[in-house]
Amino acid sequence: MFNLDQFIESCKGKPASAVKELLAEAMRDPAGVKQALETVAQGKDIAGAKVGDMVYFRSPTLTILKAAVPPKFKTPPHNHNMWAVIGVCDGQENNTFYRRSGKTLEKAGGKDLKTGDTVVLGEDAVHAIENPSDRPMLAIHVYGGDFLDTSNRSVWNPFTFEEHPYDFKLIMDYARQIMAQ
Ligand SMILES: [Fe+2]
C-alpha cells in the first residue's frame, strides 16, 4: 500500500530520473495512490494552493502535490522552470509540448497520459494540458523546486503564442477562452 510520508522522504535529494522510478513503482497501484492522497488531503493544505491542488510537501528544492483537473479543462502553454514527474492516479491528461522558436513557440509533439502512466518533464519544458474526458483527472505531481514560487515562469497566449510573465488569473482567462472555442 502506498505510503505518502515514505514517498516524500524517499524523493528528498533525488534527481528526476530516480523520482520517476519511485513513482512508476507506486503507480502499479494507482487506486492505492489516489486513496492515500485523498485521505491525507482531508486535513492538510500547507500552502493555500489553488484549483484543486493540495500541497503535501514544499521546500526550495522539492514540491509534492495533488493536481485535480476538472472535466474538459484546458490550459494555455506554460513552463515550470524545474523538472516535474507526473503520475496519473485516475483519469486522463493529454499533454502538448512546445519548443521556443525566436519570440514564439512551435508545437513539439504530445503525450496522452492515462491512469497509471508517469512522465518526466525537463527543466525547460513548455506544455499545455487538457482533460478530454467528462470525469475529473487526479494526479500526483513532484517538482524539483518550489512550485509555488512562480517568479521567472511564463504563460503563452494560446492563440498568438506571445509570452507573458506567469499570472494565475491570466492562465484562467486563457483557459476559459480556449474552452469556449
Ligand atoms: Fe504544467
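The iron ion is held by three protein donors, His78 (NE2), His80 (NE2) and His127 (NE2), which lie 2.1 Å from it. Donors here are N, O and S atoms within 2.8 Å of the metal (3.2 Å for Na, K and Ca), and sites may look incomplete because water is not among the atoms. Keep in mind that this is a predicted model, where local features need pLDDT of at least 70, side-chain atom pairs count only at pLDDT 80 or more, and totals for chains, interfaces and linings use all residues. Residues are numbered from 1 along each chain as its sequence is written, and side-chain values use heavy atoms, with hydrogens and water left out.

Along the chain, the donors of the iron ion show the spacing H-x1-H-x46-H. His78 sits in strand β3 (residues 78-79) and His127 in strand β8 (residues 126-130), so the pair ties together parts that are 49 residues apart in sequence. Strands are DSSP runs of E, at least two residues long, numbered from the N terminus. Both His78 and His127 are buried, meaning under 20% relative accessible area with a 1.4 Å probe, protein chains only.

Now move to strand β9 (residues 137-143), where 7 of 7 residues are buried. Met137, Ala139, His141 and Tyr143 point one way from β9, while Leu138, Ile140 and Val142 point the other way.

What does β9 pair with? Strand β2 (residues 63-69) runs antiparallel to β9, joined by 7 bridges, and Lys66 stands opposite Ile140. Strand β4 (residues 84-90) is also antiparallel to β9, with 6 bridges, and here Ile86 stands opposite His141. Two strands pair if DSSP finds at least two bridges between them.

Notes
Helix = DSSP H or I, 4+ residues; strand = E, 2+ residues; numbered from the N terminus. Buried < 20%, exposed > 50% of the residue type's maximum accessible area, 1.4 Å probe, protein only.
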